[in-house]
Structures are given as structure tokens and as C-alpha cells.
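Open the model in your viewer and keep the selection panel at hand. Each stop below says what to select and what is there.

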Amino acid sequence: MALKMGDIEARDLDNLFHPWTHLGQHKNNGPMVLERAEGVYMYDNHGKQYLEGLAGLWCTALGYGNEELAQAAYDQIKQLSYAQLFASKSYEVGIELAEKVNTLIPIGKSRVLFGNSGSDANDTQIKLAWYYNNVLGRPEKKKIISRVKAYHGITLAAGSLTGLPPAHNGFDLPIREDRFLYTDTPHHYRGAEVGESETDFASRLAANLESMIQGEGPETIAAFIAEPIMGAGGVILPPETYFKKIQEVLNKYDILFIDDEVICGFGRTGSPFGFQSYHLSPDSVSVAKAITSAYQPLSAVVVKEEIYQAIADASDKMGIFGHGYTWGGHPVSCAVALKTLEIYERDKIFDKAAALAPQFQARLAKFSDHPMVGEARGMGLIGAVELVSNKRRKSPFEVPGKVGGQVLNFCHANGLICRAIGDVIAFCPPLIITSEQIDELFDKFEKSMSQSLDWAKKEGVLLD
Ligand SMILES: Cc1ncc(COP(=O)(O)O)c(C=O)c1O
């Protein structure tokens, strides 16, 4: 679908270098220029309204235009527009937010190290795991196990954890092949053998992880990192018993469990945090995105006290802890985060999202009957449909992403923003979405899917 080209689109094409974009297609199709937004609706520069079905990049939990968050930023800018946490400096909003985050994320006594983004939080996680093992006198215990299809960010180190080809290809990632390992994607629909139950599949994956650890030598493995539900890899839910079995393997070999809650955190999965939905016991947690409802950049690494203490105890030997960012825990971001967390609590946002989850998941699940949908899956207020060219054989399309891109075009034309991850269409609306708006979202998607089916038949992309 050709976008109307006007001045602003031409200026975009002339000046911007877009991230995570097919640059060749962008040159031909042009940008979607968004001009304003309110609640769960966004408006483009032609005045067209869209229902926001992906909460920005899985982050705008309280929707757009929230006055209280704007006021919190304004007040903090007036009072203390900047201060730092380097070299023992501190400030109250930072301290208060750390207290709040430590309480909200119950992994035992913990400490908070602030950053600006999910990627830098995961960089910090890697550096902490390496530093920790160095100060414990285990310099060989450094490898980090991630998973194929994981998304943990795109900086050199966090990008090395990400298990998606576009994050590696052409970028010479992973940075060190000897330090980053990738175990199986826990996707029953795609990865299970014929007749294999979810629990048998989970046992096989845990056994594979254990043989990877034994093959490498447990004394070389520092940590395992996982999103409770894989988000940007295609909204992949772990099979039953998966994390219990994985966690047993990690405990057996003294391997840290890093929980990446950058998408799952703050009410997305129906519990306050994804690790609670799956009963996990992480050693450290990364949060970002919804911690400020995306009104300001902020991330936090929450780490168990014993890890912090081991590092702090080594200060005399190691000198200063030489890590941190100028904007890490920026006071304006902290003030906005505090207000965000206050609103979550005061307005019972997580409970309301959990109460709407059955309706959201029921509407999503109905798409399993669609001739082009292989699997409809989700939890809480996150979900996806995986498109296939043959339902019975679960066949992917011959040209990956072409059909997904076309479905997305129809969604946009019908006033719905969602995400095409290749041929997986993902949904993750703001948590403030109402029951009527959930119906609006899926009504629009239904229409888009029926237009897509007509298109797919004409194109001959469906296999018999
Ligand atoms: C699970 C997860 N971790 C980390 C990141 C990276 O966050 P950022 O884009 O803020 O660097 C993302 C981004 O989508 C994510 O989904």
C-alpha cells in the first residue's frame, strides 16, 4: 500500500537513518509519521486515527498524554533537573525509586543499579556476572547462555545475547564467540517432535541445556538469561514445567539466572512480573520500558545482595566500581517512574489488566480457526498469531515476512497498529485498554485477516 508522500515524508527519507527497518523498502514505501496520541489512540500527520495495539515498542503501559506523568517530569525539572550517582553523589528520587523497585521485585534483599535502556541493563548484567566471578577468583566462569530467538537488546554485548539473525548479521556479533552460547527456543508448536507433550518437550530442552553445560564445563558457565515470555522473537510462551526444569539445572551447576523483564515486567503477563507468572527465582532482574510507561528513558538492574556484597567487599583490591552512565537513573526519569508506579498501584492497573486478560486471550484464540493461522498464543495482555501457508503441515511461507508485512499494511489501513515479526503478528496494547477497545482491536484485526486471506489466495501463497 503506497503511502501518500508529502513534505514531511520526503524530509524523513532524506535525513533519517531508521533503526530495525528494511532500508530498501523504507525508501520505496516511506514512513508512517505519527503526530499526536492520547490514551490508546495515535494520530498520523494526515489525521488518521489508529488503535495502538503494541504499546509503542511494548512499553507505553499507561497510554499517551498522561497529565500526571507530564507534571511529575515538569516538577522534577524545576527542582533538580540533573544530578548524578557517580562518586557517592545521590538524590532523593533515586533513593526512593530504588526502595520502591526493591520492594516490588521480591527476590530477597537486593540492590538497584540504574541505566537508560533495556540494552544497557543487559550489558550491565553481563559485566556484573563477569566482575562477580573475577572477584570470587573464578576467572574462567564467564560464558553466558542465551536462547535462539531471544531478544535482549542491540548494543555489542546485549546484542550478543540476542538470538535473532538480523541483530548479528553484518555486525560481527557475537562479540566473543567463546563467551555467548544459545540453547533451544522453548516453542512447543515449532520445536516439539510429533506427539511430544509440553512437559516432555520441556524435559528434552532442560536435558539439552544440561548437556551443553557439561560439554562446555560447568566451571566455565557464569549465567543463563531469559525473558519469561519471549517478546520480540515472536511472543513465545514456554511449555509447561520448562522454567522449573531449567532452574533445577542452573542450581545444580551454580549458574546465575538473569531474568529479563523488559517486556514482561509491570503487569504485562497477568502478574506484576513474569517471574511470578512462572514461579522463577532469579538472581538478578532487568527492567526498563514500562517502569516509566515510556515517558522517560530508564532501566534498572536489580541484583541480589550477595552479588553486590561480593563486589563491594572486593573494593580495596579492585578500586572503584568503574561502571555507570551519565543518564543512569536521571532524576527526571526517576520522578516519572515513581509517579508511574504510584499510578499502577493507586489505579490497580495490574489487577485491571489481569481481569481483561481472559477476554483478550479468548478473542486472540479464535484466530486459531483462521485458514492462515498456525498458532494463536498469549498470556495476560500480550499475544501473537503465527501465519502459515499450510495449517496442517505448519509450513512457513516461501518468502519469509512478505505475508506478515501485507497483514500489517491491512491493519494500518484499518486503523490498527501492531507488529509484524516476520510472519508473526504481535499484540501488546497499553494496559489501560478497556474491554470495548479490546473488541475494537480484534474486530479491526479480523477485518485485516479476511482481506489478507483474499490477497493471499490471489497471490497464490497458500499451499494445499
Ligand atoms: C526483553 C527485552 N530486553 C531488552 C530489550 C532492549 O531494550 P532497549 O530497546 O530499551 O535497549 C528489549 C527491547 O525490546 C526487550 O524486549
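**Before you select anything**

This is a predicted model, in which local features need pLDDT of at least 70, side-chain atom pairs count only at pLDDT 80 or more, and totals for chains, interfaces and linings use all residues. Residues are numbered from 1 along each chain as its sequence is written.

**Stop 1: the whole chain**

Show the protein chain as a cartoon: its secondary structure comes to 18 helices and 15 strands. Helices (H or I, at least four residues) and strands (E, at least two) are DSSP runs, numbered from the N terminus. The radius of gyration of the chain is 22 Å, close to the 23 Å that the globule rule gives for 464 residues, so the chain is as compact as a globular protein of that length. That radius is taken over C-alpha atoms, and the globule rule is 2.2 Å times the number of residues to the power 0.38. Along the principal axes, the C-alpha atoms fill a box of roughly 70 × 60 × 45 Å.

Of the 464 residues, 47% are buried. A residue is buried if 20 or more other C-beta atoms lie within 10 Å of its own, exposed if 12 or fewer, and partly exposed in between, with C-beta atoms placed from the backbone.

**Stop 2: the two domains**

Colour domain 1 (32-65 + 348-459) and domain 2 (68-346) separately. These bounds come from an automatic or database domain assignment. The C-alpha centres of domain 1 and domain 2 lie 27 Å apart.

Where they meet, 25 residues of domain 1 are in contact with 22 residues of domain 2. Two residues are in contact if their C-beta atoms, placed from the backbone, lie within 7 Å. On the domain 1 side, the elements that each supply at least two residues include helix H16 (349-365) and strand E11 (373-379). The residues of that side divide into 17 nonpolar, six polar and two charged. Here Ala, Val, Leu, Ile, Met, Phe, Trp, Tyr, Cys and Pro count as nonpolar, Asp, Glu, Lys and Arg as charged, and the others, Gly among them, as polar.

**Stop 3: the largest nonpolar core**

Select Ile144, Ala223, Ala300 and Val302, which have the most contacts inside the largest nonpolar core, a set of 132 residues. Such a core is a set of buried Ala, Val, Leu, Ile, Met, Phe, Trp, Tyr and Cys residues joined through C-beta atoms within 7 Å. Helix H15 (residues 331-346) gives the most to this core, with eight residues. Domain 1 and domain 2 both give residues to the core, so it lies between them.

Leaving aside neighbours within four places in sequence, its contacts include Ile126, Leu161, Phe180 and Ala223.

**Stop 4: around the ligand**

Which residues come nearest to the ligand? Of the 15 residues around the ligand, they are Ser117, Gly118, Ser119, Gly153 and Val262. A residue is near a molecule if its C-beta atom, placed from the backbone, lies within 6 Å of it. Helix H6 (residues 118-135) gives the most to this shell, with three residues. By class, the shell has six nonpolar, seven polar and two charged residues.

**Stop 5: Val285**

Val285 is in strand E9 (residues 284-287). Is Val285 buried or exposed? It counts as buried, because 28 C-beta neighbours lie inside 10 Å. Leaving aside neighbours within four places in sequence, Val285 is in contact with Ile105, Ile107, Asp259, Glu261 and Val302.

**Stop 6: Met230 and Val235**

Go to the loop between strand E7 (221-226) and helix H11 (242-252), where Met230 lies. Met230 is buried, with 24 other C-beta atoms within 10 Å. Val235 has a positive phi of about 50° although it is not a glycine.

**Stop 7: Ala87 and Pro174**

Ala87 has a positive phi of about 50° and is not a glycine either. Ala87 counts as exposed, with 7 C-beta neighbours inside 10 Å. End at Pro174, in the loop between helix H8 (165-168) and strand E6 (180-183). A cis peptide bond joins Leu173 and Pro174, with omega about 0°. Most residues other than glycine have a negative phi, and most peptide bonds are trans.
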